[in-house]
Amino acid sequence: MPGGGLGRTPLLGQVIRQFLPWQHLLNYTEALVRVFNRHGRRDNAYKARIKILVKALGREEFTRQVEAEWAHLKNGPATLTAAEVDRVSAQFAAPAYETLAENDLCHLAHLREDKAFSRWVERNVQAHKVAGYAAVTLSLKKPGAAPGDASSEQMEAAADLAERYSFGEIRVSHEQNLILADVPQRELYTVWHRAKAAGLAAPTAGLIQDLIACPGGDFCALANARSLPIAAAIQERFEDLDYQHDIGDLELNISGCMNSCGHHHLGAIGILGVDKNGEEWYQITLGGRQGNHARIGEVIGRAFPAAEVPDAIERLIGAYLAHRHADERFIDTFDRIGIETFQTAAYQRNPAHPHQSRRVANG
Ligand code: SF4
């Protein structure tokens, strides 16, 4: 676990133990779960989270209790051995990869000749550690549909693609898309055509259209506010593909309450639903990151009513476009110029797009 701060915002989570020998990974985890089991708020669905307990006890007391519990479990039956790790690892054998050239010549020709295919590859195909293979993102994002939703026909199509071209395996990403992890480069053009026919080939992986949203108030009993109409309004506002590609990499995450299933706090732009006297409002955070340098975003200020969220997001994007250096991502511009410029932009009233705003307000 990383141990210090990165820039102005805190790292995600709190370090309770700097180093742990791998042999104790399971028994230390058991100690953590035991402490949570003993004190966790099972009486209150809104507070039945380990982060709530850590905050209530304080990091030092939580750590003290975990370490005391671990003293009983250390070197017990759950202690890992090299033989056990080898046994489990053997269950995850690599598929039977072919020996292929680093770059497939037909694939390179398709890239040169077909701009739409090339754009899809640029966004939705990732490099592979095995020569001649690639990983493919099948997009489950499009305006008018909840992020991550797929029809039964699309699930059949995805299963067929996995069966034929990726060793029968599909992975679900937390970005709410499907991943074909092991596709030979020579098959990418065919996979693209078939994915396109099934509505699974939006070339928007990592762009604003690829936002994450939890089910929110439309489906979740814990929600403070709806997430899906906000997601739909933003996707509609930024539907233009060229505009999306111009904006570039941007993680925009939406949660309907502080349980954070949409990981709003890790989005470069995060949107959190809050309840103000029975009305739905939305707090915006900026600067969150996921991955090795995970970091929680900063709240920019007072919350927005639903109708104002798309305009506020558009003003934030406008500030980014006005200040970015060439090839600089949103998150990097934010890190370079700081939150103030974005705060100012977010709260500047803009009468543009009144019809979109009304549509969000009406759900
Ligand atoms: S974050 Fe979303 S899905 Fe999670 S509990 Fe809150 S409203 Fe429900």
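The report below describes a predicted model.

## Salt bridges between helices

Side chains of opposite charge can pair when their charged atoms come close. In this model, 22 salt bridges are counted. One of them links Glu69 to Arg34, with 3.1 Å between the closest N and O atoms. Glu69 belongs to helix H3 (residues 59-73) and Arg34 to helix H1 (residues 25-39), so this pair ties together parts that are 35 residues apart in sequence. The two partners are placed as follows: Glu69 is buried, at 9% relative accessibility, whereas Arg34 is partly exposed, with a relative accessible area of 36%.

Another salt bridge joins the side chains of Arg119 and Asp242, at an N to O distance of 2.9 Å. Because Arg119 is in helix H6 (residues 115-124) and Asp242 in helix H10 (residues 241-247), the pair ties together parts that are 123 residues apart in sequence. Arg119 is partly exposed at 23% relative accessibility, while Asp242 is exposed, with a relative accessible area of 52%.

## A salt-bridge network

The side chains of Arg329 and Asp332 also meet in a salt bridge, with 2.9 Å from N to O. Through salt bridges that share partners, Arg329 and Asp332 are joined with Arg289, Arg295 and Asp335 into one network.

Arg329 has a relative accessible area of 34% and is partly exposed. Asp332 is likewise partly exposed, at 26% relative accessibility.

## The sheet and its helices

An open sheet is formed by four strands, in the order E1-E2-E4-E3, with antiparallel pairing. Strand E1 (125-127) and strand E3 (171-172) are the edge strands, each pairing on one side only. E1 and strand E2 (residues 133-138) run antiparallel and are joined by three bridges. Val125 has Val136 in E2 as its bridge partner.

Helix H6 packs on the sheet, where H6 touches E1 and E2. The direction of H6 makes about 55° with that of E1. Helix H7 (residues 152-165) packs on the sheet as well, touching E2 and strand E4 (178-184). Between the directions of H7 and E4 the angle is about 25°.

## The setting of Trp192

Is Trp192 buried or exposed? Trp192, which is found in helix H8 (residues 188-197), is buried, with a relative accessible area of 3%. This value falls in the buried class because that class covers residues under 20% relative accessible area.

Which residues is Trp192 in contact with, leaving aside its neighbours within four places in sequence? These contacts are Asp114, Ala116, Phe117, Trp120 and Ala201.

Technical notes. Residues are numbered from 1 along each chain as its sequence is written. This is a predicted model: local features need pLDDT of at least 70, side-chain atom pairs count only at pLDDT 80 or more; totals for chains, interfaces and linings use all residues. Side-chain values use heavy atoms; hydrogens and water are left out. A salt bridge is a side-chain nitrogen of Lys or Arg within 4 Å of a carboxyl oxygen of Asp or Glu. Helices (H or I, at least four residues) and strands (E, at least two) are DSSP runs, numbered from the N terminus. Buried means under 20% relative accessible area, exposed over 50%, partly exposed in between (1.4 Å probe, protein chains only). Two strands pair if DSSP finds at least two bridges between them. Contact means heavy atoms within 4.5 Å. Axes are lines fitted to C-alpha atoms, for helices over the stretch in contact, and angles run from 0 to 180 degrees between N-to-C directions.
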